[in-house]
Amino acid sequence: MEEIKIGVFICNCGTNIAHHVDLDAVLEAAAAMPGVAVARSYRYMCSNPGQEMIARDIREQQLNRVVVAACSPRMHEKTFRGACRNGGLNPYLCEMANIREQCSWVHSDRLAATEKAKALTSAAIRRVWHHEPLESLTAEMCPATLVIGGGIAGLTAALELADAAHQVYLVERTAALGGNLARVDLTAPHLDSARDLLTERFTRVGENPWITLMLNSELQSLAGYVGNFAAVVRTKSDDDTVQERKIDVGNVVVATGYKEFNADRITHYGHGKLPNVVTSFEFEQMLRKGRIETRDGRLPQYVAIIHCVGSRNKEFHGYCSRVCCMTALKYAHELKSANPACYVSDIYVDMHAFGKGHEDFYKHTSEVKTLFLMFDKNERPVIRMADPSDDCEMLIEVNETLSRERIEIPADLVILMVGMEARADSGEVARLVNISQDKDGWFMESHPKLDPVATTTDGIYIAGTCAAPKDIPDTVAQARAAAARILGKIAKGKIEIDGVFAEVRDDRCSGCRMCNELCPYSAIEFHLDTKRSQVIPAACKACGACVAACPSGAIKGRHFTMEQLHAQIDGVLA
Amino acid sequence: MAAKKLQIALYWGAACGGCDVAVLDTNEFILDVAAVADVRFWPIAVDGKYADVEAMADGELDLALFDGAVRNSENEHVAKLLRAKSKVLVAFGSCAHMGGIPGLANLVTKDEILATAYLANASIEPGSQTIPHARSNVDGMTLEIPTFYRRVYRLSDVVDVDYFVPGCPPAPDQVKAVLLAVVKGELPQRGSVVGASERAVCDDCKRTKSEKKVRSFHRPFEVIQDSSKCLLEQGILCMGSATRSGCGVRCPNSNQGCRGCYGPLAGVSDQGAKFLSALASIVDSKDPKEIEQILDGLPDFTSFAYRFGLPASTLQRSYR
Amino acid sequence: MSFEPKIVGFLCNWCSYTGADLAGTSRIQYPPNIRVIRVMCSARIEPEFVLRALAAGADGVLICGCHPGDCHYSEGNYKAMRRYPLLKTLLKDYGVDDDRVRLEWVSASEGQRFADIVIDMTERVRALGPLRIKTDLQADAVER
């Protein structure tokens with residue numbers, strides 16, 4: 001058992017610490033503690049001379065532990081770990097005591113602040129005693145990527161990666177590429193042709209030697225971890241025979257898209273019963289054919305567009321589907337273009353014109369004399385058949401919010417702006433790749449603001465509407481972002497796995513399986529053959545949830561072990 | 001030349017007698033023991049007085065098995081006596097190991113105990129105020145009885161213990177194994193737990209374990225359980241995952257949750273707290289109100305978690 | 001001389017510890033009675049740590065994590081949330097006053113909130129007086 005020799009380095013931080021804490025007293029107390037071989041005080045420990053002092057003491061005094069009492073570890077833990085490394089000491093054999101942000105800067109009573117600084121330093125000294133040298137692990141990074149979904153998101157991600165000369169497997173469930181965008185005529189608000197957008201990508205995908213396109217294919221299984229996934233893809237041929245193919249990939253982009261809300265569910269809108277109540281996608285079909293007409297072939301005189309069908313309502317989905325408002329305005333524009341005499345009513349809850357060009361598009365649509373009627377999302381407009389004497393087929397009654405009047409408008413054609421919802425098979429996909437879904441079924445990102453394309457499973461990325469309703473610009477941005485993250489990983493060549501992770505002690509694990517479901521990263525696997533659980537170091541983020549939950553204490557949380565934390569607890573109270 | 005017989009003693013402190021019966025439950029094996037050992041002191045089975053033990057030389061006994069907790073001065077006295085007179089002293093059974101069920105008395109005060117036993121219960125003559133005292137004067141003479149302590153102690157709280165044999169009671173097979181080990185001189189490092197596994201009950205339990213997520217807890221009589229599946233996964237409390245194995249999984253095999261009598265695994269200092277950490281973690285809810293409601297389905301959790309080990313826990317007793 | 005309580009704080013690195021640091025950079029003053037121990041996530045905090053702190057002389061223990069839904073590790077704070085009610089049950093049965101152990105959610109931007117919590121808790125624990133578990137256990141000790 002090696003003799004523990006601790007070097008304690010106390011930073012004055014100019015006057016930041018020295019002014020409020022009696023550092024001589026802290027030094028004296030530290031020097032008297034068991035195992036402390038050297039104790040020094042210095043003006044700026046993080047400076048080059050300060051770091052050099054630590055490195056030199058490690059070499060000359062054969063120190064095997066270092067404590068730096070200074071600012072917050074969130075500030076300079078890296079710095080002092082680096083100093084230890086320079087001195088030839090494993091960087092994890094270093095511990096900091098925060099006597100600035102959480103001591104000298106917040107306590108005015110010098111005596112009390114000094115006592116606290118002594119306690120925090122003492123705790124660090126006791127803790128570091130139990131530290132162990134830790135090494136990073138490296139693993140190979142397979143440069144191939146699996147992209148699930150051949151819609152605009154999947155196509156974009158695949159092309160981005162392939163253009164960088166990396167192998168991509170693009171797996172599409174149906175017989176054709178394009179996803180939901182292939183069912184759209186023009187995009188809003190810029191009125192580009194969706195077909196043109198897509199065809200360009202189809203061609204590039206077909207011509208790119210780096211992309212292996214697998215149509216009529218589904219992911220069967222995905223095993224492994226980031227950089228080292230083994231996927232099995234099942235392809236169905238025309239003659240119904242099934243082929244399975246094993247592919248090795250380093251990362252996965254999930255771009256499985258959305259499905260539209262089933263308008264039949266809102267019975268009083270009459271979709272499926274009234275012949276001229278159609279959904280937005282059904283109207284797109286008309287636009288693509290170039291013929292806007294009612295079921296019996298007539299040009300509609302009165303068209304009503306109803307927003308928020310299946311969205312923003314607790315009864316179905318509480319969220320906003322994001323694209324429908326602009327799409328509705330697009331329809332108003334196209335209806336007016338096709339037939340300027342047509343009366344177009346846009347029946348909306350709020351006009352979500354959040355993006356680039358949206359407000360202008362809204363203004364333009366009102367300028368072409370679209371009638372805008374606002375309703376409360378909890379009180380839907382009511383559609384009924386008109387009398388034969390009326391000159392329209394249906395009448396829609398709206399409790400109009402802005403005028404506070406009940407308004408009845410005629411309609412020969414009603415377009416329901418159906419919202420987006422998570423695909424029925426999204427649960428299956430989530431299970432296969434080990435990602436989570438939120439309460440609405442959308443795939444969950446690692447952090448909604450700071451990390452929107454990564455997931456809690458390293459190596460699995462999400463892009464496009466499978467993560468939440470969004471429009472084409474955001475979808476393309478996410479697809480490119482996911483590709484960029486993957487390219488960054490591929491460029492590194494190897495993955496470095498931080499030396500801090502949880503470890504299951506195989507001689508203690510009893511296979512109780514308390515841990516497996518607790519890990520948000522699926523980093524603890526239960527092995528059926530040995531009936532023991534094991535941590536995948538590459539996947540572990542060292543949160544410690546499993547360490548705390550293991551009822552037999554069989555999991556060791558590296559760098560946050562029970563012994564280390566106990567020593568700290570005892571130290572702060574000594 | 002005949003080998004000198006092993007000199008052994010067995011004693012019960014604050015005990016129920018179950019551990020002594022467990023030794024007898026080794027059946028014919030006890031005759032093998034009798035063949036190689038002299039039982040010098042064993043209140044349940046053979047004649048003997050404290051004076052006999054006091055007369056022994058220090059270390060004269062090769063082995064003493066002490067079961068039961070230390071509740072009063074008599075228990076302490078005999079514990080110290082046996083420690084002095086024995087080469088090897090074993091804390092035998094949950095009570096000696098961790099305080100045992102008597103240890104739950106540490107949740108109440110001595111006054112509350114005496115009041116319940118002697119003053120305020122249906123079988124006491126109304127108006128009777130008689131409580132036992134350590135010292136009483138009767139007709140000019142002094143009568144002393146053991147002092148009832150304010151709290152329960154483990155054996156290791158009062159003397160150095162060489163080995164711990166857990167269980168309430170220790171399983172007869174384990175008792176055999178321990179006695180054989182002593183006879184053969186094959187005991188592990190001093191201070192070890194013997195007669196128990198280094199893994200938890202789950203390791204030996206035949207029930208299948210899968211996804212651990214609990215949305216409600218049930219008493220065993222409240223549900224018809226699937227006897228092939230993990231009890232905890234069915235919402236039935238079982239402390240097996242936090243308890244050393246070695247008992248033969250006798251409770252889960254009888255469709256009852258493990259109660260933790262074999263104590264915590266090595267490296268776990270507080271069995272009840274560790275089990276709390278595990279159990280709460282698998283509650284399948286993210287809503288604070290729902291979590292409280294699910295946990296409310298656990299009647300008297302403290303007594304469950306510390307049924308056998310309250311004096312061995314971090315806080316050891318109540319501070320009311 | 002009034003009683004100075006000793007309070008141990010377990011703070012998670014990403015939210016509450018950062019929030020506490022922010023109180024520092026903002027020079028927001030609070031009583032010096034609290035000593036903080038950093039963990040990566042509130043999920044690492046075991047009930048046994050809290051009990052050990054109380055047995056080692058702490059008069060109060062503060063546990064801080066990220067707000068529900070914001071955990072850096074996705075769901076760690078829910079584990080802390082689930083352990084807390086049972087820990088409270090234990091403490092009640094052990095006769096430890098309710099105000100001595102507290103769970104709070106503090107985000108990385110809530111420096112003032114952290115300070116306010118510490119100020120409030122320090123006063124509550126001061127009013128309760130010393131916990132005395134450590135001295136009581138020492139008094140319990142039997143001479144061997």
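Modeller: The bounds of a domain, as used here, come from an automatic or database domain assignment. The model is a predicted one.

The assignment for chain A gives four entries: domain 1 covers 6-134, domain 2 covers 145-258 + 422-494, domain 3 covers 261-420, and domain 4 covers 498-558. Take domain 2 of chain A and domain 4 of chain A as a pair. Their C-alpha centres are 31 Å apart. Six residues of domain 2 of chain A are in contact with six residues of domain 4 of chain A. On the domain 2 side of that contact, two residues are nonpolar, three are polar and one is charged.

Now for one residue in chain A. Where does A:Q437 sit? A:Q437 is found in the loop that runs between α11 (426-433) and β23 (460-462) of chain A. A:Q437 has 17 C-beta neighbours inside 10 Å, and so counts as partly exposed. Leaving out residues up to four places away in sequence, A:Q437 touches A:A422, A:S426, A:G427, A:A430, A:W442, A:F443 and A:M444. A further pair can be given by distance: A:Q437 and A:A467 are 30 residues apart in sequence, and their C-alpha atoms are 8.6 Å apart in space.

For chain C, 34 of its residues are in contact with 35 residues of chain A. On the chain C side, the elements that give two or more residues are α1 (16-25), β2 (34-39), α2 and α3 (76-93) of chain C. Of these, α1(C) gives the most, with six residues. By class, the chain C side has 18 nonpolar, seven polar and nine charged residues.

One helix pair between chain A and chain C can be followed in detail. Two packed helices are described by the angle between their axes and the distance between the axes. Here the helices are α14 (residues 562-573) of chain A and α2 (residues 47-55) of chain C, whose axes come within 9 Å and cross at roughly 30 degrees. Angles under 35 degrees count as roughly parallel, and α14(A) and α2(C) are therefore roughly parallel to each other. The crossing in which α14(A) passes α2(C) is right-handed.

Which residues of α14(A) and α2(C) meet? From α14(A) they are A:L565, A:H566, A:I569 and A:L573, and from α2(C) they are C:F49, C:R52 and C:A53. In this contact of α14(A) with α2(C), five residues are nonpolar, one is polar and one is charged.

Terms used
Residues numbered from 1 in each chain as written. Chains lettered and ligands numbered in written order. Predicted model: local features only at pLDDT ≥ 70, side-chain atom pairs only at ≥ 80, totals over all residues. Contact = placed C-beta atoms within 7 Å. Nonpolar A, V, L, I, M, F, W, Y, C, P; charged D, E, K, R; others polar. Axes fitted to C-alpha atoms, helices over the stretch in contact; angles between N-to-C directions. Helix = DSSP H or I, 4+ residues; strand = E, 2+ residues; numbered from the N terminus. Parallel < 35°, antiparallel > 145°, perpendicular 65-115°, else oblique. Left-handed = near helix turned anticlockwise from the far one by under 90°. Buried ≥ 20, exposed ≤ 12 C-beta atoms within 10 Å, placed from the backbone.
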